[in-house]
Amino acid sequence: MAILIDGKAIAADVKAGVAEKCAALKEKGIEPALAVILVGEDPASQVYVRNKARACKACGMKSHVIRMPEETTQEELIAKIREINADDAIHGLLIQLPLPKHLDEAAALSEVDWKKDVDGFHLMNAGALLSGQASVLPCTPAGCIELLKRSGVELKGANAVVIGRSNIVGKPMALLLLQENCTVTVCHSKTKNLGEITKNADILVAAIGRAKFVKADMIKPGAAVIDVGINRLEDGTLAGDVDFEEAEKVAGWITPVPGGVGPMTIAMLMENTVRAAEAQAK
Ligand code: NAD
């Protein structure tokens, strides 16, 4: 049976460290603050935003949730981003994705002041990550690396396979694994013989968005399996991209869904925000 990687416990540990840093900043008269812009009524986004605000409170950080109506125009959104960029009392700004279809996501993200870009999605930060100079790492992939390291998984020289090539998970995940000296393969919807490739992975990261897609016969015995997927099943429960029940019998380590990568994403967001506040205080 695989060792269960307890994302909740590791996230709590990370957030405790953030709370200490927040307390130290407050002694210098700085209250770290995160602003989240939420456009529209997407139910999943509402939950994520609520969880982020709750985490801020737990870390002793201020949070501002800016709710904008579904019919918000690109100009109105940009104006709001600029207003927050100019506000010295706010250190981190994130735009909750996905935005309503009529809005240009890439244009909005590039409008965020890169020093306040705690999601690490700004082109400046994405470029810094590519060249190994990043000061802020995208929260979900950074959380996955933290889970692996704190679980004692050997990264150096490991064969790592990432399924998914999105800008927010798959691609930055591959870059971070490369930085940790893994040999990295990125798979996607056009990959041939996917199972043959994943079977060679010492570390397998699934970021696909398809419930229970990764089966036991795709996993190398003893591998570390990190499940990024969050999929809502018909009965209302959540499932990852990995068929957990099958996979835990083969894998060496595995993250559950929920309670794996999800809590770490928020913990890393807290870490990025307090770091942004520290950097801006200098
Ligand atoms: P995305 O839709 O942008 O990307 C999915 C990727 O999966 C694509 O690159 C695609 O090529 C690949 N893919 C699709 N079908 C495939 C197939 N049959 N075989 C191989 N590859 C295939 O999604 P995303 O934003 O990267 O998110 C992926 C999943 O992770 C989703 O379930 C999302 O909800 C979840 N997610 C979780 C967190 C978290 O904090 N836990 C954060 C972000 C995303």
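**Notes on surface patches and backbone features**

1. Val47, Tyr48 and Ile230 make up a nonpolar patch on the surface. Together they have about 240 Å² of accessible area. This is a predicted model, so every point below describes a prediction.

2. Val47 sits in helix 2. Is Val47 buried, partly exposed or exposed? Its relative accessibility is 37%, so Val47 counts as partly exposed. The band for that class lies between the 20% limit for buried and the 50% limit for exposed.

3. The surface also carries a patch of negative charge. Its members are Glu41, Asp42, Glu70, Glu71, Glu75 and Glu76. Look for these side chains together when you turn the model.

4. Where is Glu41? Glu41 belongs to the loop between strand 2 (33-39) and helix 2 (43-59). Its relative accessibility is 59%, and because exposed means over 50%, Glu41 counts as exposed.

5. Now turn to Gln74. This residue is in helix 3, which covers residues 74-85. Gln74 has 17% relative accessibility and therefore counts as buried. The cut-off for buried is under 20%.

6. Which residues does Gln74 touch, leaving aside neighbours within four places in sequence? The contacts are Leu103, Asp104, Ala107 and Ala108.

7. Two cis peptide bonds deserve a look. One runs from Leu97 to Pro98, with omega near 0 degrees. Pro98 lies in the loop between strand 4 (92-95) and helix 4 (105-111).

8. Another cis bond joins Val257 to Pro258. Here, too, omega is near 0 degrees. Where does Pro258 fall? Pro258 is in the loop between strand 11 (253-254) and helix 10 (261-281).

9. Next, check the backbone at Asn193. Phi of Asn193 is near 50 degrees. That is a positive value in a residue other than glycine. Asn193 is in the loop between strand 6 (183-187) and helix 8 (194-198).

10. Lys212 also has a positive phi, about 55 degrees, although Lys212 is not a glycine. Lys212 is placed in the loop between strand 7 (203-206) and strand 8 (224-227). With 37% relative accessibility, Lys212 counts as partly exposed.

Key:
Residues are numbered from 1 along each chain as its sequence is written. This is a predicted model: local features need pLDDT of at least 70, side-chain atom pairs count only at pLDDT 80 or more; totals for chains, interfaces and linings use all residues. Side-chain values use heavy atoms; hydrogens and water are left out. Helices (H or I, at least four residues) and strands (E, at least two) are DSSP runs, numbered from the N terminus. Buried means under 20% relative accessible area, exposed over 50%, partly exposed in between (1.4 Å probe, protein chains only). Contact means heavy atoms within 4.5 Å. Patches are made of residues with over 30% relative accessible area and no salt bridge: like charges are joined within 9 Å, nonpolar side chains (Val, Leu, Ile, Met, Phe, Trp, Tyr) within 5 Å. Accessible areas come from the Shrake-Rupley method with a 1.4 Å probe; for residues, only the protein chains shown count as cover. A salt bridge is a side-chain nitrogen of Lys or Arg within 4 Å of a carboxyl oxygen of Asp or Glu. Lys and Arg count as positive and Asp and Glu as negative; His and the chain ends are not counted. The place of a charge is taken as NZ of Lys, CZ of Arg, CG of Asp or CD of Glu.
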